[in-house]
Protein chains: 2
Amino acid sequence: MSRDDATVLFLNEAFYTAFRGRDLLAMHDLWARAAPVSCIHPGWQAIEGREEVMESWRAILGGEGSPDIRCLGAKARLLGETALVVCYEALGGRLLVASNVFVREDETWRLIHHQAGPCQLEPGEVEALLSEQDGEGEGSLQ
Amino acid sequence: MSRDDATVLFLNEAFYTAFRGRDLLAMHDLWARAAPVSCIHPGWQAIEGREEVMESWRAILGGEGSPDIRCLGAKARLLGETALVVCYEALGGRLLVASNVFVREDETWRLIHHQAGPCQLEPGEVEALLSEQDGEGEGSLQ
């Protein structure tokens, strides 16, 4: 795995850590400043523009309690100065599948697009994803 | 609009034309050869690999009749040698929202990723999207 692959996967995990921790400041840091951004929350229409996307996160993260979200089976693909991560999201009892697009900006990678939508997997497949994740030993990111 | 923007939007429309026309050969041409590809059909898990993605299109396009799919409100963003299109899909009476990722390959642009998921819009917003599309005069692509 290249250093960029590892960085993108680390930042992808940081996105879910910010989500789970309702950490709006971390979420702000993770999204691109210069490049135009967009976001498609499950069932929502596409949101365009940094201010509008951040407003949506403010609404989502502003509730009480901690969203029980975990990222599973993340795979990164480097495409020059762009990177695409496809991963699953275990959110409460639901399973979602997501596309996260990053660009290289200010010597790091930042999100420019997120789409998550419902996903039907067989229970055995979900368990395989979960056990795969548990086996990766990414304790520092949990 | 740059020439690349226009090409990517044209190829994005060609993707839906191939879908609507159950044109598996056109679909083959639209997807990348060299770059790894992935595809997330609504509700499905992520499919990886050109052969597996094409097999999914063979299953989807192999039915009878023509899927009543239209692409609405497509917007392209160029990211160096990568391009991201966010658009809506009117599929029968359902509305979906999609992310389509293209890379520059062999002097054209080819799809490397597609995710579509359900989207709830107010009826007025759907009509606005439809009338916007009708006003664009893209008759040659319909």
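1. The model is predicted: local features need pLDDT of at least 70 and side-chain atom pairs pLDDT 80 or more, while totals for chains, interfaces and linings use all residues. Residues are numbered from 1 along each chain as written, chains are lettered from A in the order written, and side-chain values use heavy atoms, without hydrogens and water.

2. Chain A places 30 residues in contact with 30 residues of chain B (contact: heavy atoms within 4.5 Å). The buried area is about 2400 Å², with carbon and sulfur atoms giving 53%; this is the accessible area (1.4 Å probe) that the two parts lose on being put together, summed over both. In chain A, Gln45(A), Arg77(A) and Gln115(A) lose the most area to chain B, together 22% of what that side buries.

3. Two salt bridges are counted between chain A and chain B (a side-chain nitrogen of Lys or Arg within 4 Å of a carboxyl oxygen of Asp or Glu). Glu48(A) forms a salt bridge with Lys75(B), where the closest N and O atoms are 3.2 Å apart.

4. In chain B, six strands form an open sheet in the order β2-β1-β6-β5-β4-β3, with mixed pairing. Strands are DSSP runs (E) of at least two residues, numbered from the N terminus, and two strands pair if DSSP finds at least two bridges between them. The edge strands of chain B are β2 (47-48) and β3 (69-79), each pairing on one side only.

5. β1 (residues 38-40) of chain B pairs with β2(B) in the antiparallel sense over two bridges. Ser38(B) stands opposite Glu48(B) in β2(B).

Technical notes:
Helix = DSSP H or I, 4+ residues; strand = E, 2+ residues; numbered from the N terminus.
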